[in-house]
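Q: Can you help me read this one? I'd like to go through a few side chains and then a helix.

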Amino acid sequence: MKRSVAVLGLGKFGSSVARGLMRGGAEVLAVDKNEEHIREIAEEVTCAVCADISDKEAMYSIGLEEMDAVVISTAEHLDASVMALMLVKEIGVPYILAKADGSLKGEILKKVGADEIVYPEEEMGVRIANNLLGGSMTDLFDLSADTSIVKIPVRKEWNGKSLAEINFREKYRLNVIAVEGDGGVDGAPNPMTPLKSGDSLVLIGRKKYLEKLR
């Protein structure tokens with residue numbers, strides 16, 4: 001059964017989330033009071049509605065009660081985010097994720113009732129810093145607050161050794177979920193095949209162990 005998600009606010013972040021949800025197979029209701037934003041995304045989502053998310057009558061008329069989750073992405077306007085959050089809670093949506101552009105705003109939204117707060121600009125800054133400090137290790141994405149997936153080139157000490165010989169799980173407490181080489185990405189790598197210089201490994205694990213590997 002498809003999940004249904006409403007995205008309230010179609011700035012760069014909200015539009016990106018809406019399109020990503022559609023690619024992932026969800027049914028997406030996109031909402032913004034800017035008609036141009038609605039026109040730009042109308043053909044890429046299940047339904048696009050021009051409405052003021054801080055207006056109670058409008059919020060009750062667009063079908064939010066049928067949503068499995070709502071994303072509130074109007075971080076730059078705290079008053080609108082708070083009002084929308086209160087209305088969504090009142091309507092009874094089971095899960096609410098809100099964007100914030102600072103820890104104070106995040107705390108306010110959390111206290112009003114958001115189930116999860118995201119800080120896109122802050123998280124992107126941390127990711128860029130990690131990539132720079134980690135040399136060639138690339139953060140792909142976070143699975144949770146303490147678990148990530150990264151990509152790292154085969155190091156000199158791993159060259160010519162198999163995954164079984166290196167034993168990432170025991171030595172680094174990380175799991176190799178794919179190997180990228182000349183032939184593309186192998187999502188089920190043979191643990192006995194020697195790694196080559198130029199290959200890259202996709203690793204999954206706790207962030208504290210990934211930091212040690214950096």
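Q: Is Trp-158 buried or exposed?
A: Trp-158 is buried, at a relative accessible area of 1%. Buried means under 20% relative accessible area, exposed over 50%, and partly exposed in between, with a 1.4 Å probe and protein chains only.

Q: Where do these values come from?
A: This is a predicted model, where local features need pLDDT of at least 70, side-chain atom pairs count only at pLDDT 80 or more, and totals for chains, interfaces and linings use all residues. Residues are numbered from 1 along each chain as its sequence is written, and side-chain values use heavy atoms, leaving out hydrogens and water.

Q: How many aromatic pairs are there?
A: A search of the whole structure gives 3. Rings of Phe, Tyr and Trp (its six-membered ring) pair if their centres lie within 6.5 Å; planes under 30 degrees apart are stacked, over 60 edge-to-face, the rest tilted. One of the pairs is Trp-158 with Phe-168, edge-to-face, 5.0 Å centre to centre with 65° between the planes.

Q: And what about Phe-168, buried or exposed?
A: Phe-168 is buried, with a relative accessible area of 3%. Trp-158 also pairs edge-to-face with Tyr-172, at 6.0 Å centre to centre and 75° between the planes. Ring pairs link Trp-158, Phe-168 and Tyr-172 into a cluster.

Q: New topic. How many residues does α4 have?
A: Helix α4 (residues 78–91) has 14. Helices here are DSSP runs (H or I, at least four residues) and strands likewise (E, at least two), numbered from the N terminus.

Q: Which of its residues are buried?
A: Among them are Ala-80, Leu-85 and Ile-91.

Q: What follows α4?
A: Gly-92, with a positive phi near 105°.

Key: The expected span of a helix is 1.5 Å times one less than its number of residues.
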